[in-house]
Amino acid sequence: MTRDTLLVSAEALQAGLGQLTGPVLVEITDGGNDGGGRQGRIPGAVRLDWTGDLQDPVRRDVIGPEAFAELLGRHGIGPDDTVVFYSGNNNWWAAAGYWQFRLYGHRELRLLDGGRARWEAIGGALTPEAPERPRTDYPVPAGADESIRARRDDVLDHIGRRTLLDVRSLEEYLGQSNTPPGVPEDIGVRCGHALSAEHLPWHTAIHPDGTFRDDEELRAAYGALPTDRPTVVYCRVGWRSAHSWFVLHELLGLRDVRNYDGAWREFGSLIGAPIVNGPQPWGPDGIPSIVAQRDPSEVTARA
C-alpha cells in the first residue's frame, strides 16, 4: 500500500463530494463527542460511536464478529466498500476505527488526512442530517486478525526482548500522571511506563494542522526503531497507539507491528506488572534489570 491508497486529502474529498458513487464516509465519535468546532457531520457520513457501537460495554473489548457484521449491515456498509474514516481529536478515534475494521478483515480503508479539523479549516460543508443508506448483508468475519493486535501477555513478553513503544505524553511516560494533560486521573491505574518501553509520542507523525508528515519526514522520525523485530505500541486507551500503528504498519510498511488496545488502563492496573516511574533504569549490560535476572541465553535467543 502507498500513501495514495491510504490517505484522502480534505481538498480531494471536497471536490468529489456529492458524486453518486464513491467511498463510504465514516465519522468516529466517542460518547457522542465529535471533537469538532462546528456542529454537524460531513454530508453523507455515517456516524459510529467508539464506546457505544464499536466496544462491548460489559467485556470492555471490541465487539464480536456477529455484532460487527450487524453494525455495518445496519449502516449500509458492504464488504467491498471503500471506507474513509475521519474524526476530531487529531484522528485518534478515526485511526482506532480503521484498526478495528482491519482487525475484522475489511480491506479497502482510508483516513481523511488531518481529520475533522482539516475539513473545517478548508471550509468544508457540515450537515445535521444523517444519511439514508439501504441495509446490506455484511458477512460475519471468520475471526479477528490477531497479527495486528497485542494482548497484555505480549507486552510482558516484549519487555527487554522486543520493541515496546509508549506513544503517550512525556508526563504520562515519566509517571507524573496516568492521563493526558487536562484529563482527570484514572483511579486505580498506576503511573509510569512498562519496563524497557521506549518513548516516541504519537504526534511525532503529524504537522500542526493534524495532517501526516511526508514519507521522508516519517522515515527520519521513526528511523531509530529496529525493523527486524516485532513492535508493540501502546497508549492509555488505544486511540493514540492506533494512530501510531497506522503510521508504522500502514504508511511506513513495518510488517510486525501490533496495537495493544487493552492499553495502559489494563497494564497499569495489573498486580505485579513491571512498571517504571521516571527514566528507564537499565542493567549493567544494557538489559533491563528485571530481564538481567533471567537466563542470558534466553534473552539473546528471543531478541
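Mentor: Start with E6 and strand E7 (residues 109-112): they pair in the parallel sense over three bridges. Two strands count as paired if DSSP finds at least two bridges between them. Helices (H or I, at least four residues) and strands (E, at least two) are DSSP runs, numbered from the N terminus. In general, strands of a sheet pair through backbone hydrogen bonds, either parallel or antiparallel.

Two sentences on the ground rules. This is a predicted model, in which local features need pLDDT of at least 70 and side-chain atom pairs count only at pLDDT 80 or more, while totals for chains, interfaces and linings use all residues. Residues are numbered from 1 along each chain as its sequence is written, and side-chain values use heavy atoms, with hydrogens and water left out.

Now widen the view. E6 and E7 belong to an open sheet of five strands, ordered E1-E7-E6-E2-E3, with parallel pairing. Strand E1 (7-8) and strand E3 (46-49) are the edges; each has a single partner strand, so one side of each is left without a neighbour in the sheet.

Next, leave E6 at its end. A loop runs between strand E6 (83-86) and helix H4 (92-103), and Ser87 lies in that loop. Ser87 is buried, at a relative accessible area of 1%. Buried means under 20% relative accessible area, exposed over 50%, and partly exposed in between (1.4 Å probe, protein chains only). What does Ser87 touch beyond its neighbours within four places in sequence? Its contacts are Ile28, Asp34, Trp92, Trp93, Ala94, Gly115 and Arg116. Contact means heavy atoms within 4.5 Å. Take Ile28: it is 59 residues from Ser87 along the chain, yet the two C-alpha atoms are separated by 5.3 Å.

Asn91 lies in the loop between E6 and H4 too. Asn91 also counts as buried, at 1% relative accessibility. Check its backbone: phi is positive, about 65°, although Asn91 is not a glycine. Most residues other than glycine have a negative phi, and most peptide bonds are trans. Ala263 is another non-glycine residue with a positive phi of about 65°. Ala263 sits in helix H10 (residues 263-267). Its relative accessible area is 0%, so Ala263 is buried.

For contrast, look at Pro134. Its place is in the loop between helix H5 (115-121) and helix H6 (152-158). Pro134 is exposed, with a relative accessible area of 65%. From Gly32, Pro134 is 102 residues away in sequence and 23 Å away in space, C-alpha to C-alpha.

There is also a sheet of four strands. This open sheet runs E10-E8-E11-E12, with parallel pairing. Strand E10 (198-199) and strand E12 (257-259) are its edge strands, each pairing on one side only. Helix H9 (residues 239-251) packs on the sheet, touching E8, E11 and E12, and its direction makes about 165° with that of E12. Axes are lines fitted to C-alpha atoms, for helices over the stretch in contact, and angles run from 0 to 180 degrees between N-to-C directions.

Inside this sheet, strand E8 (residues 163-166) pairs with strand E11 (residues 231-234) in the parallel sense over four bridges. Leu165 has Val233 as its bridge partner, and Asp166 has Tyr234. E11 also pairs with E12, again parallel, over three bridges. There Val233 stands opposite Asn259 in E12. Thr231 and Val233 point one way from E11, Val232 and Tyr234 the other way, and all are buried.

Last, the whole chain. The secondary structure comes to twelve helices and 13 strands. The radius of gyration is 20 Å, close to the 19 Å that the globule rule gives for 303 residues, so the chain is as compact as a globular protein of that length. The radius is taken over C-alpha atoms, and the rule is 2.2 Å times the number of residues to the power 0.38. Of the 303 residues, 51% count as buried.

How far can you trust it? The chain averages a pLDDT of 90, and 91% of the residues score at least 70. pLDDT is the predictor's confidence in each residue, from 0 to 100. Over residues 282-303 it stays under 50. Where pLDDT is low, the predicted coordinates should not be read in detail.
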